[in-house]
Amino acid sequence: MGRVHLEALRRVEFVDVAAIAGRELGAAKRLGAGFGIETAVDDYHELLEDVTIDSVHICTPNATHYQMAKDALLAGKHVLCEKPLSVSVAEAQELVRLARERALRNCVCHNLRYYPMVQQMRRMREDGDLGEVLVVQGTYSQDWLLYATDWNWRIDAKAGGALRAMGDIGSHWFDMAEHLTGLRVQSLCADLQTFHSTRKRPKQSVETFGGKLLSAAAVEDTQVHTEDFGAVLFRMGESARGAMTASQVSAGRKNHLSIEVYGTKSSVRWDQERPDELWIGQRNSPNQVIVKDPSLLKKAAATYADLPGGHSEGYDDTFKQIFRRFYTSIAELESAPEYPQMLDGLRQMRIMEAELESHRKRSWAELADE
Ligand SMILES: NC(=O)c1ccc[n+]([C@@H]2O[C@H](COP(=O)([O-])OP(=O)(O)OC[C@H]3O[C@@H](n4cnc5c(N)ncnc54)[C@H](O)[C@@H]3O)[C@@H](O)[C@H]2O)c1
């Protein structure tokens, strides 16, 4: 994600990237050199002392987020942290408190909200086009951890947190569901499954999606305690109902985030693998598939589309949209933040905690509203 963030930052006109911190100095320098960034360090603390640096992006494995974000906030830096914000509710609460006390801008990178067609769905709901929301359903399915020979740090609870499929991709889904509908999950019932209780762990670290190229000699059998799959029933708002699954073992599915919202007037369905299309379902007239064209979108949704119709805007562009708004809010300290904040990251930690509790007790779990 460091590279993805760098590329997107290069597209935000008024932001300079000053330095890169990595675990290995050589790798950090090589990454920086490709982007004309001269400063690279292997200890991020060095950068926190630099008063010319306004903000930091945290793009490392989940269990490192809390300490890095805390150190950065204490050093007076604005923080943009990858999701999930932390590996516990308590950590997330502390970060929310620190950012609030120090009046620092803070963002959790739930970038998937910022596809133009996701914003179109949101504005349709806000304008009443869907009526009252009755049902929300969908999935986030991938296949990159299908085999016992597939490995990534996310599988290790110490690096990724107790929940894997639900934390890594389920959190994106629930963030989108609450953002789109404006409703909060009130209670849920979760069932988690670890299909591979033992996996072949590489003796050396591998980057995300890099495991397919490993040889048998370079791996060791390792117990797995994080889930490959999760299914959640949930209740939203006063009376809405929903169901979702998150899977990292669904052959053929790459980043299949699909979400359907059924209202009393009409329905919408969107799929991340066809991001420029939006299905609109109607009871008494023909259904429609509309394609992204900013001149035809709701006005507020069109501000998330920089290219004309027929030119697709995808995953990379969502980062540009979120970063642009984050840095605008730093430049204009009076403005209201228009992006997910640490409070939203805490919200996802609460949903994850409820999922774990529900699964362990084999019963429904209630969620407190912030
Ligand atoms: N928003 C999104 O769409 C999205 C997508 C993928 C990943 N993520 C999130 O981004 C984060 C990173 O995931 P990834 O897939 O890029 O992982 P990755 O394994 O590909 O990369 C992690 C990098 O962090 C570096 N690192 C680890 N510990 C470090 C430390 N102490 N100091 C400096 N660098 C350190 C590693 O060397 C590696 O280069 C995770 O929190 C993940 O959930 C978000």
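User: Which residues of α4 are buried?

Analyst: In this predicted model, the buried residues of α4 are His65, Tyr66, Met68, Ala69, Asp71, Ala72 and Leu73. As a general idea, an α-helix has 3.6 residues a turn, so residues three or four places apart point the same way. In the present case, 7 of the 10 residues of helix α4 (residues 65–74) are buried, so the helix is largely enclosed by the rest of the structure.

User: Against which elements do the buried residues of α4 pack?

Analyst: Their partners are α3 (45–48), β3 (55–58), β4, α5 and α11. Just after α4 comes Gly76, whose phi is positive, at about 85°.

User: Is Ala103 buried or exposed, and is Arg362 buried or exposed?

Analyst: Ala103 has a relative accessible area of 61%, so Ala103 is exposed. The value for Arg362 is 73%, so Arg362 also counts as exposed.

User: Where is there a cis peptide bond, and what is its omega?

Analyst: The bond from Lys83 to Pro84 is cis, with omega near -15°. Pro84 lies in the loop between β4 (78–81) and α5 (89–101).

User: How is the interface between domain 1 and domain 2 to be described?

Analyst: The size of an interface is often given as the accessible area lost when the parts come together. The domain assignment divides the chain into domain 1 (2–111) and domain 2 (114–294 + 347–358). The C-alpha centres of the two domains are 25 Å apart. Between them, domain 1 and domain 2 bury about 1300 Å², with 57% of this on carbon and sulfur atoms. On the side of domain 1, the residues that lose the most area to domain 2 are Lys83, Val89 and His110, which together account for 41% of what that side buries. In terms of contacts, 15 residues of domain 1 meet 18 residues of domain 2.

User: How many salt bridges are there between domain 1 and domain 2, and how many residue pairs are in polar contact?

Analyst: Side chains of opposite charge can pair when their charged atoms come close. The count between domain 1 and domain 2 is 1 salt bridge. Lys83 forms a salt bridge with Asp168, with the closest N and O atoms 3.0 Å apart. Across the interface, 6 residue pairs are in polar contact. The side of domain 1 that touches domain 2 comprises 7 nonpolar, 6 polar and 2 charged residues.

User: How many salt bridges does the whole structure hold, and which parts does the pair Arg113 and Asp175 tie together?

Analyst: A search of the whole structure finds 25 salt bridges. In one of them, the side chains of Arg113 and Asp175 meet at 2.7 Å, N to O. Arg113 is in the loop between β5 and α6 (116–126) and Asp175 is in helix α8 (residues 165–181), so the pair ties together parts that are 62 residues apart in sequence. Arg113 counts as buried at 8% relative accessibility, and Asp175 is buried at 4%.

User: Which parts of the chain does the salt bridge of Lys298 and Asp129 link?

Analyst: The side chains of Lys298 and Asp129 meet at 2.8 Å, N to O. This pair links distant parts of the chain, 169 residues apart: Lys298 is in the loop between β15 (288–291) and α9 (299–302), and Asp129 is in the loop between α6 and β6 (133–141). Lys298 is partly exposed at 21% relative accessibility, and Asp129 is partly exposed at 28%.

User: What is the distance between the closest N and O atoms of Asp156 and Arg201?

Analyst: In this salt bridge the distance is 3.7 Å. Asp156 lies in the loop between β6 and α7 (157–160) and Arg201 in strand β8 (residues 198–202), 45 residues apart. Asp156 is buried, with a relative accessible area of 18%, whereas Arg201 is partly exposed at 27%.

User: Which residues do salt bridges that share partners join into one network?

Analyst: The network consists of Arg11, Asp306, Asp317, Lys320 and Arg324.

Key
Residues are numbered from 1 along each chain as its sequence is written. This is a predicted model: local features need pLDDT of at least 70, side-chain atom pairs count only at pLDDT 80 or more; totals for chains, interfaces and linings use all residues. Side-chain values use heavy atoms; hydrogens and water are left out. Domain bounds come from an automatic or database domain assignment. Contact means heavy atoms within 4.5 Å. Buried area is the accessible area (1.4 Å probe) that two parts lose on being put together, summed over both. A salt bridge is a side-chain nitrogen of Lys or Arg within 4 Å of a carboxyl oxygen of Asp or Glu. A polar contact is a pair of N or O atoms within 3.5 Å; within protein, one must be able to donate a hydrogen and the other to accept it, and residues adjacent in sequence count only if both atoms are side-chain atoms. Ala, Val, Leu, Ile, Met, Phe, Trp, Tyr, Cys and Pro count as nonpolar, Asp, Glu, Lys and Arg as charged, and the others, Gly among them, as polar. Helices (H or I, at least four residues) and strands (E, at least two) are DSSP runs, numbered from the N terminus. Buried means under 20% relative accessible area, exposed over 50%, partly exposed in between (1.4 Å probe, protein chains only).
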